[in-house]
Amino acid sequence: MSDQANENIESVLQETRSFPPPAEFVEQANISSQEQYQEMWNRAKDDPAGFWGDLAQGLEWAQPYDNVLEGEMPETKWFTGGKINASVNCIDRHLDSWRKNKAAIVWEGEPGDTRVLRYQDLYREVCKFANCLKKLGVETGDRVTLYMPMVPELAIAMLACSRIGATHSIIFGGFSADAIADRNNDAQAKLVITADGGWRRGKNIPLKAAVDQSMEKSPSVEKVVVYRRTGCEVDMVPDRDYWWHDLMEDASAECDPVELDSEHPLFILYTSGSTGKPKGVQHSTGGYLLGTMMTSKWVFDLKEEDTYWCTADIGWITGHSYIVYGPLANGATTVMYEGAPNWPDEGRFWEIVEKYQVNIFYTAPTAIRAFIKWGDQWPNKYDLSSLRLLGTVGEPINPEAWMWYHTVIGQERCPIVDTWWQTETGGIMMSPLPGVTATKPGSCTTPLPGVVPDIVTAEGESLGDNQGGLLVMRQPWPHMLRTLYGDHERFKDVYFSTIEGCYLAGDSARRDEDGYYWIMGRIDDVINVSGHRLSTMEVESALVSHPKVAEAAVVGYPHDLKGEGICCFVTLTTDDGTEELKQELKQHVRTQIGVVATPDQIRFAAALPKTRSGKIMRRLLRDIAAGRESVGDTTTLEDLNVLANLKQGDE
Ligand code: 6R9
């Protein structure tokens, strides 16, 4: 276990506070008693096919399935023989009720422009754009890359892809041209959908320019569609680039949905693993939709009249599952905001909550820590009384931040759901049920129905209370990943080869005496920067691609706002260890990967500490980066002088 993980345990081990759900909340909750939860959980464990089969009746199938579940992990298939379409389940089926005029997406642009798309509007736009995609030659089974700002057209493009059975691959706008090219190539994407730019803190982020750069290295891509958002100048390449509005002008608003196998890949989403190469996590259609629909309903206690806001970017899994697919499958109203939380000022989120009378609010601990820093005067300026439920996701929440969220935002009235899950799990796995579970600050509490976690040793033995170990899942669930795109061997190897018969999450955790889970940190070389997963190896390969870098080792260290910061130890091929070079290397990493990977610290070193077998001793580097006295064993260190020198060189 990493030292970072050990430190996390220490900070939460003293945590004994417990908050039962408020009586008024319980009274109206979708799931409102411990017995009800236990009964669901037991049934899902003992009879997964019966449990999920009953719930799957809540989806619209073009053709009924033969079997709920076939095979064992990792080769599980859900709802085999069934035909389904995601856009139909998110849109069409809401049109023959009063929901046709219900707001599907309430959107707020960073400059303050707003749009509301009712379910009917969404239907029309999605059908029209699906027809545009077909016209551009996109067929069922093709991959389409989306590199878009947070505008409704991003959701429209996703649903249009799903309508015709094209698999979307969304790349977060903070990734660079090189990262786009890598993902285009890995997925062999045929088409890219982008925008001229997007707004961030009043500035134009030039998205089309990045796509243009990536095109030199993306031979599979034939065409590019450009949505006009900021009006910035862009180069349009004839017969390759098309304006969204031109295409839509004469597109028909009727498009028959393609009936797809339940296992048809709805999307690929790239995420960091322990090596430098991002993994193309592939999700299914039927199982994924069912999972995101049910978990939205259970965890967010979704009701017909709720206004629900998840502040994530759709470029991450949280936005896929809990801005688009989960809420829309439930016929909910989902709020989407384009920009930064501190633009034009630090009250923007709370202004939006007041303006739309948001009832359910879902954000990340890193954002909560920033709000704390900005001061209570910002939320206190606004009426937050519409809020009834709060959620967090992406990283462990420190009890201090939890308490602030509870008192200042929730005004001690709102349950907090700390939701643990991953890109790979597709949907929330462990979380309080807001009408049932007494919460403890810092714990994601207990597994949802259908989720059978365990904590085991590296040999696969189950551990007892309060013993830290590997978090695994013992049973398959409908919304789990199906493969890593184009690399089924890596899929089996990464998730299923360590512990026989189990899915390995890659996190360490402990379970307390009440059966509550506490996530301690990653077990691999993945760091969590502001809730974004980054591989240290990815940053290392970016660094060594610079001609002046000989060797690099990258580690995470505790960071007040970001959760973890990025610290890079670098040895050089020259003796040019200047401040300028530090800036140049930071910029270099940004160009290679994107702004999300910008190093917080660059430290030049004469040598890196290595074991006698030549492995970089990251544990030591983590201690140095965190400013800790190293307590670990250094007996295998090749040269103790290296360590002494590194410490002297501390910033
Ligand atoms: C949804 C998402 C997954 C990793 C995961 C874990 C960390 C997420 C957490 C949490 C503690 C929570 N993580 N939620 N740790 N408490 N509530 O974030 O997906 O980007 O794939 O990251 O994030 O380490 O393994 P993804």
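Modeller: Residues in contact with Ser262, once its neighbours within four places in sequence are left aside, are Trp61, Trp78, Phe79, Gly82, Ile84, Ser284, Thr285, Gly286 and Gly287. Please keep in mind that this is a predicted model.

Colleague: What makes each of these residues a contact of Ser262?

Modeller: The word is used when heavy atoms lie within 4.5 Å, and by that test the list for Ser262 runs from Trp61 to Gly287. Ser262 itself sits in the loop between strand S14 (260-261) and strand S15 (267-271).

Colleague: Why is Ser262 called buried, although it belongs to a loop?

Modeller: The relative accessible area of Ser262 is 2%, and the word buried applies to anything under 20%, so Ser262 counts as buried.

Colleague: Why is Ile372 called partly exposed?

Modeller: Ile372, which lies in helix H14 (residues 365-374), has 33% relative accessibility. Since buried means under 20% and exposed means over 50%, with partly exposed in between, the value for Ile372 therefore falls into the middle class. Beyond its neighbours within four places in sequence, Ile372 is in contact with Ala401 and Trp404. Tyr65, by comparison, is 307 residues from Ile372 in sequence and 49 Å from it in space, C-alpha to C-alpha.

Colleague: What makes the pairing of the Asn184 and Thr145 side chains a polar contact?

Modeller: Those two side chains are joined at 2.7 Å, and a polar contact asks for N or O atoms within 3.5 Å, one able to donate a hydrogen and the other to accept it, so the pair qualifies.

Colleague: Why is Arg143 called buried?

Modeller: Arg143 belongs to strand S7 (residues 143-147) and has 15% relative accessibility; as this is under the 20% limit, Arg143 counts as buried. The side chains of Arg143 and Tyr485 are joined by a polar contact of 3.0 Å. Among the other residues that Arg143 touches are Thr167, Ala187, Gln188 and Ile268.

Colleague: How do you know which residues are listed as a binding site?

Modeller: That comes from UniProt, where an unreviewed entry lists Val544, His546 and Val549 under "binding site"; annotations of this kind may be inferred rather than shown by experiment.

Colleague: Why are His546 and Val549 called buried?

Modeller: His546, in the loop between helix H18 (536-544) and strand S29 (549-559), has 7% relative accessibility, while Val549, found in strand S29, has 6%. Both values are under 20%, and both residues therefore count as buried. Apart from neighbours within four places in sequence, His546 is in contact with Leu581, Glu584, Leu585 and His588, and Leu585 is also one of the residues that Val549 touches.

Colleague: Which residues around the ligand come nearest?

Modeller: There are 17 residues around the ligand, and Asp418, Thr419, Thr423, Arg522 and Arg533 come nearest. By type, the shell divides into six nonpolar, six polar and five charged residues.

Technical notes. Residues are numbered from 1 along each chain as its sequence is written. This is a predicted model: local features need pLDDT of at least 70, side-chain atom pairs count only at pLDDT 80 or more; totals for chains, interfaces and linings use all residues. Side-chain values use heavy atoms; hydrogens and water are left out. Helices (H or I, at least four residues) and strands (E, at least two) are DSSP runs, numbered from the N terminus. Buried means under 20% relative accessible area, exposed over 50%, partly exposed in between (1.4 Å probe, protein chains only). A residue is near a molecule or strand if one of its heavy atoms lies within 4 Å of it. Ala, Val, Leu, Ile, Met, Phe, Trp, Tyr, Cys and Pro count as nonpolar, Asp, Glu, Lys and Arg as charged, and the others, Gly among them, as polar.
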